[in-house]
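Here are a few notes to go with the coordinates. Have a look at the model first, then read on.

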Amino acid sequence: MVQTVLNIVMSSLLTTLSMPGYLFGGIVFFSLIPLFFALEKKGPILSAIVAFLYFFTFSFVNFHYLINTLTTGLPELFGRFNATAGFLVFILFCILEALPFLLFGFLYGLWTEKVRFRVLEPIFVASLYVISDYLRGIGELGFTGGRLSDALYNFKGLLQLLPFTGTLGLVFLIVIVNYEGYKLLRANKNNYVFFLALIALVLFVNGTIESFIPKTVGVKPIILAQTNMPQKVKYSYDSNTIADYLIKNFSNSPDLLTIFPEGVFPGTDIRNSDIEKRLLESFKNRTLVIGFPTLVGNDAFNSAVIYSDGAFFDKYDKVQLFPFVENLPYKEIFGRLSFLRGMYYFSPGELKVFDIKGYGKVGFQICFESFFPYISRRLSKDAGFLVVITNDGWYNSKIPLIQHFTQAIFRAVETHRTVVQVSNTGISGVVDEYGNFFALPENQTTWSIFYVKSNNDVTFYAKYGDYMVIISLILTIIVGLTAKKRRTIFD
């Protein structure tokens with residue numbers, strides 16, 4: 001039992017160390033091996049518990065930066081709950097993230113040792129992992145952060161799989177490499193040499209492909225305006241003071257498409273106000289995108305508002321709202337957690353693309369929407385490039401800033417679109433269709449000109465989506481039907 005617990009903890013820690021912002025992404029190619037040792041001869045019930053504990057521990061460690069946000073940041077700004085309640089919400093988050101891995105562990109323990117053909121074993125295990133990982137990304141509580149594929153954000157050679165398979169294709173590959181490493185070491189500990197050779201081969205393939213990847217340069221100039229306004233300051237300033245700050249620091253930039261972050265005015269709909277008039281006077285000869293809440297009747301929206309030539313043009317309203325803070329999911333179950341609400345409970349908007357003068361069709365996303373591939377997939381079918389505006393000022397750690405920006409890299413390569421991210425106190429930059437990225441200096445109030453490229457091609461993944469889940473489900477059923485007979489599920 002002690003060895004099992006140690007293997008669970010080791011696997012969780014190694015997977016965390018492979019994530020963006022920690023140590024080295026290549027660790028992900030062997031981070032699951034201790035987990036497979038922990039799952040040995042456990043049967044489906046114990047295997048389910050082991051897999052759940054693995055992902056719970058991984059989520060707890062990898063997303064530890066949320067503890068400070070939930071116990072200090074949100075309570076200080078909104079004052080509706082204390083640190084203890086915030087910590088309990090974090091534990092609930094980790095539990096919800098780990099729940100799908102009960103399925104992974106159960107089916108692993110039920111069938112893995114009964115797989116009839118050796119060649120199907122790694123495929124079966126990879127399929128189970130893909131299905132479980134996909135499940136935690138759906139629904140009102142869905143989240144895709146912490147996928148094994150996140151570790152490979154700067155492995156540009158391997159990223160070229162994304163236009164065909166999406167990130168779940170990388171997850172499939174990573175699990176296969178891990179399982180084969182486990183089988184080699186299980187047969188003979190001296191086989192680590194062969195396993196290292198396998199990892200070296202994967203890295204060689206990555207490097208070879210990367211050497212042929214071009215760095216594309218766009219032709220359309222835009223301005224990224226990074227406001228760098230800490231949360232405590234932004235929420236304490238009145239809207240006129242914020243407007244003064246924007247005019248002072250950004251109105252001297254050229255008259256190009258200028259993009260500001262999410263929630264620049266955190267609690268105020270400035271439309272039809274003197275503040276809006278002041279901003280439009282200062283930025284009247286350009287297209288301006290700026291984030292603030294918009295109120296329509298009894299509904300509030302988290303919006304990216306677009307102005308063109310000194311007048312309101314249109315707005316994008318966030319579709320995928322952050323659970324508990326921006327909306328209350330499954331009210332019958334979680335109604336008592338309404339105290340987590342931020343400034344408003346928002347209503348979801350609709351996905352749409354905007355025809356921006358001089359730039360063509362552009363798709364917008366707000367904040368953690370970049371974690372959800374389905375949004376960028378749908379937008380890319382009509383948009384020439386994509387823009388993400390976000391407010392990452394909730395964190396005192398650099399890790400979440402990196403983990404958020406890496407999502408822009410995945411979305412760019414998946415869709416073969418330039419992706420622009422503009423953040424407050426985070427990472428702002430541009431990613432090209434191959435995963436090359438160029439960023440502003442972090443945590444500075446600054447603007448800079450970047451160049452974007454429009455693309456109209458629709459990738460295989462953008463067209464067909466997460467078909468890897470269907471393939472994984474079919475493979476799982478085939479393995480189950482061809483598995484050796486079991487007397488009971490406890491065999």
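**Notes on the model**

1. At 35% relative accessibility, leucine 103 counts as partly exposed, because that class lies between buried (under 20% relative accessible area) and exposed (over 50%), with a 1.4 Å probe and protein chains only. Bear in mind that this is a predicted model: local features need pLDDT of at least 70, side-chain atom pairs count only at pLDDT 80 or more, and totals for chains, interfaces and linings use all residues. Residues are numbered from 1 along each chain as its sequence is written, and side-chain values use heavy atoms, leaving out hydrogens and water.

2. Leucine 103 sits in helix 6, residues 100-111. Helices (H or I, at least four residues) and strands (E, at least two) are DSSP runs, numbered from the N terminus. Setting aside neighbours within four places in sequence, leucine 103 touches Ile131, Ser132 and Leu135, where contact means heavy atoms within 4.5 Å.

3. An unreviewed UniProt entry lists "transmembrane region" for several spans, including 87-107 and 464-483; such annotations may be inferred rather than shown by experiment, feature names are shortened, and positions follow the numbering used here. Residues 87-107 are 95% helix and 0% strand, with end C-alpha atoms 32 Å apart. For residues 464-483 it's 85% helix and 0% strand, and 30 Å between the end C-alpha atoms.

4. Elsewhere, strand 4 (residues 299-308) and strand 5 (residues 311-317) run antiparallel, joined by six bridges; two strands pair if DSSP finds at least two bridges between them. Isoleucine 306 has aspartate 314 in strand 5 as its bridge partner. The two strands make a hairpin with two residues between them, and aspartate 309 in the turn has a positive phi of about 55°.
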